Amino acid sequence: MPLTGRIAHPGSLSGGLMATFVQIGDTHLGKHLHRVRLIEDQGVLLDQVIHVLGEIRPDALLITGDVYDVPSPPEYAVALFDDFLTRVVHDLKIRTVVIPGNHDAAVRLSFGARAFREELHIAGPLTGTVEPVTLTDEH
């Protein structure tokens, strides 16, 4: 189940006094366990996350580390993550931040990150400087 949190600050992203974040991590998409693909189960879990996001309507989704199980994930794992991000960012209109983990190839995971900057922020490889992500709204 995703973790949720609230951060109090004046003029939050949702117009109230609190910003709401949902965090998921270590999805390890494309993982095999005893030679059995877990992708169908992982798809069901991501569907459940979509359902929770639709109910909570957070200000942002944080996806932290190990999106994939290996640095060069199988095509079906990439397709599943692409579908998930599309549903979150485009259908639900939830701003999303993706931070690669040690199982992810940050360069591959950050493909297209510059093009999607408004609603989808994907951290690329560490370069010595950390670029902050600032989420704003009309307030």
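Mentor: The face of H2 turned away from its buried side carries the exposed residues Glu75 and Asp91. Exposed means over 50% relative accessible area, buried under 20%, and partly exposed in between, with a 1.4 Å probe and protein chains only. This is a predicted model, in which local features need pLDDT of at least 70, side-chain atom pairs count only at pLDDT 80 or more, and totals for chains, interfaces and linings use all residues. Residues are numbered from 1 along each chain as its sequence is written, and side-chain values use heavy atoms, without hydrogens and water.

Trainee: Which residues of H2 are buried?

Mentor: Ala77, Leu80, Phe81, Phe84, Leu85, Val88 and Val89 are buried in H2. They lie on the same side of H2, because their arc around the axis is only 145 degrees, taken from the directions from the helix axis to the C-beta atoms.

Trainee: What covers the buried residues of H2?

Mentor: The cover includes S2, H1, S5, strand S6 (95–99), helix H3 (106–109) and S7. Helices (H or I, at least four residues) and strands (E, at least two) are DSSP runs, numbered from the N terminus.

Trainee: Why would such residues gather?

Mentor: In soluble globular proteins, nonpolar side chains tend to be buried together. Here the largest nonpolar core has 25 residues, and Leu61, Ile63, Phe81, Phe84 and Val98 have the most contacts inside it. Such a core is a set of buried Ala, Val, Leu, Ile, Met, Phe, Trp, Tyr and Cys residues joined through side-chain atoms within 4.5 Å. H2 gives the most to this core, with seven residues.

Terms used
Contact means heavy atoms within 4.5 Å.
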